[in-house]
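Please look over the model below before reading on. The points that follow are meant to be checked against it.

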Amino acid sequence: MIIRNRYIAKSAVTFIVGLSQLSMAISAQAPLQLDKTRYRLVQNWPQFQSEQVLGQPSGLGLDSQNNLYVFHRANGNPEDGKTIAQNTIAKFHAETGLYLGSWGAGIFVWPHGLTIDHEDNIWVSDIALHQVFKFSPEGKLLLKVGEAMEVGDDENHFNKPTDVAVAKDGSFYVSDGYGNSRIVKFSPSGKFLFQWGEKGSAEGQFNLPHSLDMDKEENIIVADRENARIQKFDRNGKFLGQLQNHLEAKVYAVQYGEDPSLIYAIDYKVDAKSQPVGSKLLVFDANLSRDHNFEFDSHYIIPICRYHDIEIDENQNVYVIDLLNNLIQKFTPIKFQ
Ligand code: ZN
């Protein structure tokens, strides 16, 4: 296979892959104990079927049909405040990596988080517009919260909201965000219900809540990025526990596994001169008390990367997006011999 990467704009890459590309079969995995499990990179995945622009991928989500959605910044420059003219939401078949299409042109300025709810609706946040959007699986706008380009910390305004977690009844939690330091809960129709958190490093405080997820009981886990920790709360915002990552490595994203007894996370570390050292994949028990091993196959040479979001499918395959190298990667578990 030949992949030619060619820069067409600042931090945007075009992938061109021949149409003759066939999908790689991925054998079904037996249930695994995560300890003593290693992962290998799935080669030739994803597969673009035509010329596509993928720039600064920032959000990832899986729907019930095993489609993987990627929210990205195309060849827009988020800092210029202009609406991105290209499509920003790309869809892939998670198993084969086949590209299935894209949409989302002319709406977003600075794409950030993406979440798929239990009805396969697609929720995204934009940290320049200061808004959260809900779309149907077909891409029809269903709900918008926050006022475009208006910063605030009240019931109708965000300050760079980063991510959304959606409950079974359609109510949803927003991590808000780069500017504010709170988690906000809304009714299914987008009415403010309550919030918790303020800037700081004590229990229940945040310094850049960057990603969040919930289990079936609506317990919320939050990647408290600049505090380099994960915090866990109940559905009402009561603090339940935390896990401090080692201080230099910020926690970028958190995700419950298909098996909700596992929490996956990614971090990112820079050196004393703020140069990237790289990202790691982390796995914990649901109560954040026990670290599991996560190893890559020895053949995989880990590049300097900056993972920004993570997804896990029902076969414990792990998907990450790398903001530094404009990549989507899939890792599949292999048994440790
Ligand atoms: Zn971010």
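Predicted model: local features only at pLDDT ≥ 70, side-chain atom pairs only at ≥ 80, totals over all residues.

1. Residues are numbered from 1 along each chain as its sequence is written, and side-chain values use heavy atoms, with hydrogens and water left out.

2. Four strands form an open sheet in the order S5-S6-S7-S8, with antiparallel pairing. Strands here are DSSP runs (E, at least two residues), numbered from the N terminus, and two of them pair if DSSP finds at least two bridges between them. Strand S5 (59-62) and strand S8 (99-103) are the edges, each pairing on one side only.

3. Within this sheet, S6 (residues 67-71) and S7 (residues 89-93) pair in the antiparallel sense over five bridges. Tyrosine 69 has lysine 91 in S7 as its bridge partner.

4. Which protein atoms are donors of the zinc ion? They are His112 (NE2), Tyr178 (OH), His210 (NE2) and His308 (NE2), lying 2.1 to 2.2 Å from the zinc ion. Donors are N, O and S atoms within 2.8 Å of the metal (3.2 Å for Na, K and Ca); water is not among the atoms, so sites may look incomplete.

5. Tyrosine 178 lies in the loop between strand S14 (172-176) and strand S15 (182-186), and histidine 210 in strand S17 (residues 209-214), 32 residues apart. Tyrosine 178 is partly exposed, at 31% relative accessible area, whereas histidine 210 is buried, at 2%. Buried means under 20%, exposed over 50%, and partly exposed in between (1.4 Å probe, protein chains only).
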